[in-house]
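The following is a walk through one protein structure for someone who has not seen it before. Look over the sequence and the model first, then read on.

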Amino acid sequence: MSPGPRSPTTGECPVIDLRSDTVTRPNPAMRAAMADAEVGDDVYGEDPTVRRLEEAAAARFGRQAALYCPSGVMCNQLWLRVLAPGGTEAIVEDNAHVVNYEAGAGALLGHVQFRTVPGSRGVLDPEVVAAAIRPDVFPLTPTSLVCVEQTHNRRGGAVTPLETLDRLRRLTDEAGVALYLDGARVFNAAVAAGVDVADYAALVDGLSFCTSKALSAPVGSAMVGDADAIVEARRWRRRYGGGMRQAGVIAAASLVALEQMTDRLVEDHAHARLLADAVAEVYPEGLEAGTVETNIVCIENVDAAALVEALADRGVRAGALGPSTARLVTHPDVTEDDCRRAAAALKDALADVAR
Ligand SMILES: Cc1ncc(COP(=O)(O)O)c(C=O)c1O
């Protein structure tokens, strides 16, 4: 089947890129804002656009301060530095980004030992976490931090419910342990769960979010938390080489992301359900019913490389998360029509490879 109409000039069909929501390109409003951005030297604290973004982020999350960073990885690593002293342990879910996809930075640069625990579709079980926390009793490795990923990237965009976060807060308070939310896609969670992001932020010591994923900004993430933690994070950002000069050029796009791109995430979620319905129709064993909550669709129990190739042959790009898990992610650069075509391609490809 064809993924779409052929270009009259090249004769080629447009490829529908569902590998990740990081492939989004800045939209016209962002490009205009970037061109017009007022800038200054942000290492001197003189970039007005970066300041506006940081103030807007702090206000949106209901916290004292925010810090603009080049990437989500940097936010995670800086929060480790601020919340987890070297030689202590951070409890994370098995599939968490911070332990799987950051090239060992937590251990190498942060001197943190990760203790991975199983979750249920990426969602931490407070009882499992409570049992894993180690006290500061010599010669144990004391637990300093619990990390939650919202939504969960490798586990199909799963949302940690507010109530679970609240239970984690109470138990970490009792144990004297910090709680961090890697909210790379926290707006997807908020939209799906009907929760204000400030309600998530109120429960944690630190939070990060990315504007460079389904919010379409080309670059940029931010940390939000207490003012003194953000002062400390700024020092660490400098040490990690993340202090930027006229960063207002990119922060301008992140401001548009924050102000204009969060409510529309419901559309991406509806598009992901179109893909999930296609899988359920032809290969129900690939997807647990009701598990597509946001914009990520993970297809399990399949030869992932073969499926990715079969989809590529049909003009759809997907990713393989492992030998038997393929992933498709919806985002603003794909329309409902694209997703309907991708769903048809998916049915076709699954019929080829999944039996
Ligand atoms: C949950 C999560 N945290 C952090 C990151 C890091 O973001 P970046 O790759 O933009 O640094 C990602 C990226 O996909 C992610 O999914």
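**Cores and an annotated lysine**

Leaving aside neighbours within four places in sequence, Tyr200 is in contact with Gln150, Val159, Thr160, Leu162, Leu165, Leu181, Val186, Ala189, Ala190, Ala193 and Val195. These contacts are read from a predicted model.

Tyr200 also belongs to the largest nonpolar core, which has 52 residues. Together with Phe61, Phe187 and Phe209, Tyr200 touches the most other members of that core. The biggest contribution to this core comes from helix α11, residues 248-260, which supplies 7 residues. Apart from this core lies another one of 31 residues, including Val279, Leu307, Val334 and Ala342. In soluble globular proteins, nonpolar side chains tend to be buried together.

Next comes a residue marked in a record. An unreviewed UniProt entry places the feature "modified residue: N6-(pyridoxal phosphate)lysine" at Lys213. Where is Lys213 found? Lys213 sits in the loop between β7 (206-210) and β8 (221-225). Is Lys213 buried or exposed? Its relative accessible area is 15%, and buried means under 20%, so Lys213 counts as buried. Apart from neighbours within four places in sequence, Lys213 is in contact with Asp21, Thr22, Thr24, Ala184 and Arg185.

The unreviewed entry gives the annotation "domain: Aromatic amino acid beta-eliminating lyase/threonine aldolase" to residues 17-298.

Note on methods: Residues are numbered from 1 along each chain as its sequence is written. This is a predicted model: local features need pLDDT of at least 70, side-chain atom pairs count only at pLDDT 80 or more; totals for chains, interfaces and linings use all residues. Side-chain values use heavy atoms; hydrogens and water are left out. UniProt positions are given in the numbering used here, feature names are shortened, and annotations may be inferred rather than shown by experiment. Helices (H or I, at least four residues) and strands (E, at least two) are DSSP runs, numbered from the N terminus. Buried means under 20% relative accessible area, exposed over 50%, partly exposed in between (1.4 Å probe, protein chains only). Contact means heavy atoms within 4.5 Å. A nonpolar core is a set of buried Ala, Val, Leu, Ile, Met, Phe, Trp, Tyr and Cys residues joined through side-chain atoms within 4.5 Å.
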